[in-house]
Amino acid sequence: PVYFAITVGHDNMMGLDKYMYNEGFAYRLLPLKPDTTATADGGERSNTMLMYNNVMTKFRWGNMKNATYLDHESRTMFYPVILRTFSTLTENLYKEGHPDLAKKVLHRYDDVMPDLTPYTYVVIRKFRMADLAYQLGERKIGEKIVNQITDYVTGQMNYYASMDDNNQRISGQDIQICMSAINEMVKFTKDNNEPALNQKLTGLLNTYQAKFGAMFQQQQPQ
């Protein structure tokens with residue numbers, strides 16, 4: 001079989017990316033007709049059952065969850081490799097009619113992965129995991145992830161609020177991502193009947209809108 005590392009950019013796949021299927025930490029080149037519906041909503045094609053076997057029985061996750069120190073490489077690879085692997089597998093199992101297996105992957109993620117957000121844009125992928133958890137009826141895990149995201153964006157936004165106007169402008173993209181995440185979680189917690197979380201997030205949204213003014217103001221959900 002021919003494999004490409006999961007970290008290889010699409011520009012380096014020689015036009016074969018339509019035939020790449022995620023099996024965990026690598027894409028396998030398979031002579032299958034591309035399914036355009038697989039990636040229509042931003043998802044990723046996978047050789048799903050083989051990927052499930054790899055993640056659940058072959059891969060060893062070490063002591064990441066309880067380690068007192070994670071080196072730079074481990075933290076850096078969390079988003080593009082590990083979190084992405086769990087998210088893709090959970091989503092595709094659910095789409096392909098295996099909700100029970102998808103739940104097992106969610107629980108495996110919760111059991112072995114730390115609360116790690118090395119970069120601001122990781123909140124987008126984490127939010128997708130929370131959404132999947134609620135769709136699968138795993139509200140406890142979904143609520144836990146939402147709280148993790150909330151704690152992270154609160155810390156980041158308080159830090160940005162302490163900056164002068166010039167440094168706030170420099171950090172504008174990260175501020176916008178955090179504001180968007182809070183805004184989406186306000187709507188998400190309302191739709192999923194989480195009044196306590198919704199009230200907390202609505203308060204944060206109002207606070208940061210007032211602090212950052214019109215430059216980063218998001219429309220208040222109705």
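**View 1. Ring pairs link Phe25, Phe59, Trp61, Phe86 and Tyr109 into a cluster.** The model is predicted, with local features needing pLDDT of at least 70 and side-chain atom pairs pLDDT 80 or more, while totals for chains, interfaces and linings use all residues. Residues are numbered from 1 along each chain as its sequence is written, and side-chain values use heavy atoms, without hydrogens and water. Rings of Phe, Tyr and Trp (its six-membered ring) pair if their centres lie within 6.5 Å; planes under 30 degrees apart count as stacked, over 60 as edge-to-face and the rest as tilted.

**View 2. The pair of Phe25 and Trp61.** The whole structure holds 10 aromatic pairs. In the pair of Phe25 and Trp61 the centres are 6.0 Å apart and the planes at 85 degrees, so it is edge-to-face. Phe25 sits in the loop between S2 and S3 and Trp61 in the loop between helix H1 (48–58) and helix H2 (72–95), so the pair ties together parts 36 residues apart in sequence. Helices (H or I, at least four residues) and strands (E, at least two) are DSSP runs, numbered from the N terminus. Phe25, at 35% relative accessibility, is partly exposed, whereas Trp61, at 8%, is buried. Buried means under 20% relative accessible area, exposed over 50%, partly exposed in between (1.4 Å probe, protein chains only).

**View 3. The hairpin of S2 and S3.** Strand S2 (residues 20–22) runs antiparallel to S3, joined by three bridges; strands pair if DSSP finds at least two bridges between them. Tyr21 stands opposite Arg28 in S3. Three residues lie between the strands, and Gly24 in the turn has a positive phi of about 135 degrees.
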